[in-house]
Amino acid sequence: MMKKYLVPFALSALVLAGCGKKEEPPAPVAAPAPVASAPVVVNTEEKVLNIYNWPDYVPEGMIAAFEKETGIKVNYDTFETNEALHAKLVAGNTGYDIVVPGSVFAKPQLEGGLLQALDKTKIKNLANLDPAIMATLAKADPGNKHLVPWAWGFTTVGINKTKVAKALGKTPMPENAWDLVFKPEYTSKLKSCGIAYLDSPTEIIPVALHYIGKNAYSNDVADYKLATDMLAKVRKDVRIFSSTMIDDIAGGKACVAIGWSGDINIAANRAKENKSKDEIESLLPSTGALIFFDTMALTKDAKHPNNAQAFIDFYLRPENAALMTNTMNYPTANKAAVEKIKPEIAGNKTIFVETDYFAKMIPPSSFTNEAREAMANAYNGFKKGK
Ligand code: N2P
């Protein structure tokens, strides 16, 4: 096994070592002309990389390992919603090199010139990615020119089983878990232990559309009215619009949530670590959950594209991609990493869903800019309780 990856490892170590050491003085402004036709790629960028990613997505120590190996100092910031990242990209001069939009947003972003194409020759480990997933992503990014999957997962319902059972009393669990967050018969009972929704129009409206039998990625504004009509009936029962879902579920502020599969699993593990007697579970609604792909991309203003590509290549090493899945509970799109995934993670049906359930899930699509705006208005109206 080791042998297979020995070559790319050795190569990347060589190229990175060629980048210069940390303590070296900055290169003179007028650098001497390179020796003619020497095929040596020298990375002359300052040794800095600015990354903007979702919280609770990078394994502990991974950034430090990259810094240690390359001498590149990483500034790592986080955002909580696609909307927040999008606003930054639209405003321009983000100061970030790598951003990690969901594919639903990445499509209009790359069409709008907010992201730049990758130099794939600098990312050898792209070969580790699952061709089937890359073919799916090509719908958002023709030719796979801009986007490299960080992870994928799905938006679903998470519960504190213990508290939900208590709050529901004699009412049995519904067959469709979405009822727990959208049907007054259930929400009126569960409000006592706390209902939390993700705080983002493009997370909640698509799920609501799916619940009322519409296309989750409808661009028809009339459908948003139908979704908010349904949502209005449960508005008073929603306790939190959350951007700290893991804490809210694990800390007991919410007993039921619309959240992301991996984060719900992180909350479940955290509750166990804290010796809570409550059991937290990510559910698989009978009508399906909404799949998302989060993807690394270079901003158009990226000042350190070579460092960014070195990081992407580093992340795509099988052991790094597997470490993300093993610690963050989100499946990787890295095929070469699969054999390094721990059996308890690979066997967790709420992380790697079974084929039958996968067939029911809703794949991501995207919205026009106008539709997204209308969706945000609809959502804000709902949130204000109008
Ligand atoms: C962060 C998960 C982000 C998933 N822990 C939604 N894009």
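Predicted model: local features only at pLDDT ≥ 70, side-chain atom pairs only at ≥ 80, totals over all residues.
Residues are numbered from 1 along each chain as its sequence is written, and side-chain values use heavy atoms, without hydrogens or water. Local features need pLDDT of at least 70 and side-chain atom pairs pLDDT 80 or more, whereas totals for chains, interfaces and linings use all residues.

A backbone N or O atom of Pro 55 lies 2.8 Å from a ligand nitrogen. For Asp 56, a backbone N or O atom lies 2.9 Å from a ligand nitrogen. Asp 263 places a polar side-chain atom 2.7 Å from a nitrogen of the ligand. Alone, the ligand exposes 260 Å² (Shrake-Rupley method, 1.4 Å probe). The protein buries 99% of that area.

Helix H14 (a DSSP run of H or I, at least four residues) spans residues 318-328. Asn 329 follows H14 and has a positive phi, near 65 degrees.

Aromatic pairs (ring centres within 6.5 Å; planes under 30 degrees apart stacked, over 60 edge-to-face, the rest tilted) number 22. Phe 182 and Tyr 211 form a tilted pair, 5.0 Å centre to centre with 45 degrees between the planes. Phe 182 lies in helix H7 and Tyr 211 in helix H9, so the pair ties together parts 29 residues apart in sequence.

Technical notes: Polar contact = N/O pair within 3.5 Å; in protein donor to acceptor, adjacent residues only side chain to side chain. Buried < 20%, exposed > 50% of the residue type's maximum accessible area, 1.4 Å probe, protein only. Helix = DSSP H or I, 4+ residues; strand = E, 2+ residues; numbered from the N terminus. Phe/Tyr/Trp six-rings, centres within 6.5 Å; stacked < 30°, edge-to-face > 60°.
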